[in-house]
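Visitor: Please take a close look at one part of this model for me. I would like to hear about a charged residue and what surrounds it.

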Amino acid sequence: AQLGLQRLLLLNDFTALALAVPHLSDDELHQVGTGIVVGSATKAVLGPGTGLGVSGVLFNRGRWLALSGEGGHCSLAPADERESAILARAWREFGHVSAERLLSGSGLPLLHRLVAEVDGRRYEPCTTAEIVARAVAGAEVQSRAVIETFCAMLGTLAGNLALTLGARGGVYIGGGIIPRLGELFERS
């Protein structure tokens with residue numbers, strides 16, 4: 001009332017990001033991989049930051065509509081035996097292993113420990129910032145393995161999201177972690 005608003009709409013951060021995606025210019029986007037984007041087709045949006053945001057947008061009757069949900073809390077599925085072993089260790093500790101549990105800033109230290117256990121390496125507790133910095137610098141095999149695993153799992157999740165939504169308009173990755181990975185992400 002003090003602001004004189006007739007209507008106030010509160011949005012989840014990834015719902016807001018999804019609504020922004022169709023309005024970004026080419027110079028505000030960085031394509032990774034190949035593929036042709038179908039302009040007004042459904043677009044998938046996800047990104048690891050503090051949590052794991054998941055959304056999408058679809059074009060209907062002349063406007064973009066956001067899909068609002070909590071996709072970061074969906075069950076994480078392994079893509080190979082190594083990922084299955086990592087998830088098996090996580091399942092021993094948690095009744096439900098969501099994608100966000102491992103594919104987020106808060107989940108990266110757990111993934112770091114699980115990868116060390118599965119790969120038979122010495123584990124030293126690290127923060128998310130330390131893991132990312134060490135991997136980017138190429139200073140440590142363990143951190144590099146964690147980020148490679150992180151990117152592989154995120155790629156599987158992104159592919160599943162694209163299939164689920166029929167996202168011929170592209171998969172857009174936001175969040176605070178991916179930009180810090182630079183070339184590591186692009187080569188993953």
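Guide: Glu83 is buried, yet it has no salt bridge. The nearest side chain of opposite charge belongs to Arg82, and it is 6.1 Å away. A salt bridge here would need a side-chain nitrogen of Lys or Arg within 4 Å of a carboxyl oxygen. Keep in mind that this is a predicted model.

Glu83 is found in helix H2, which covers residues 81-93. Leaving out residues up to four places away in sequence, Glu83 touches Ala77, Pro78, Ala152 and Met153.

Met153 leads on to Leu102. With residues up to four places away left out again, the contacts of Leu102 include Met153, Phe150, Leu76, Ile86 and Leu87. Val97, Gly107, Leu108, Leu110, Leu111 and Leu114 are also touched by Leu102.

Now the core itself. The largest nonpolar core has 38 residues. Leu102, Leu111, Ile147, Phe150 and Leu181 touch the most other members. Helix H6, residues 141-165, gives the most to this core: eleven residues.

Last, the surface. Leu3, Leu5, Leu8 and Leu10 form a nonpolar patch there. Together they have about 520 Å² of accessible area. Leu8 sits in the segment before helix H1 (13-20). Leu8 counts as exposed because its relative accessibility is 64%; the cut-off for exposed is over 50%. So Glu83 is a buried charged residue, whereas Leu8 is an exposed nonpolar one.

Technical notes: Residues are numbered from 1 along each chain as its sequence is written. This is a predicted model: local features need pLDDT of at least 70, side-chain atom pairs count only at pLDDT 80 or more; totals for chains, interfaces and linings use all residues. Side-chain values use heavy atoms; hydrogens and water are left out. A nonpolar core is a set of buried Ala, Val, Leu, Ile, Met, Phe, Trp, Tyr and Cys residues joined through side-chain atoms within 4.5 Å. Buried means under 20% relative accessible area, exposed over 50%, partly exposed in between (1.4 Å probe, protein chains only). Helices (H or I, at least four residues) and strands (E, at least two) are DSSP runs, numbered from the N terminus. Contact means heavy atoms within 4.5 Å. Lys and Arg count as positive and Asp and Glu as negative; His and the chain ends are not counted. Patches are made of residues with over 30% relative accessible area and no salt bridge: like charges are joined within 9 Å, nonpolar side chains (Val, Leu, Ile, Met, Phe, Trp, Tyr) within 5 Å. Accessible areas come from the Shrake-Rupley method with a 1.4 Å probe; for residues, only the protein chains shown count as cover.
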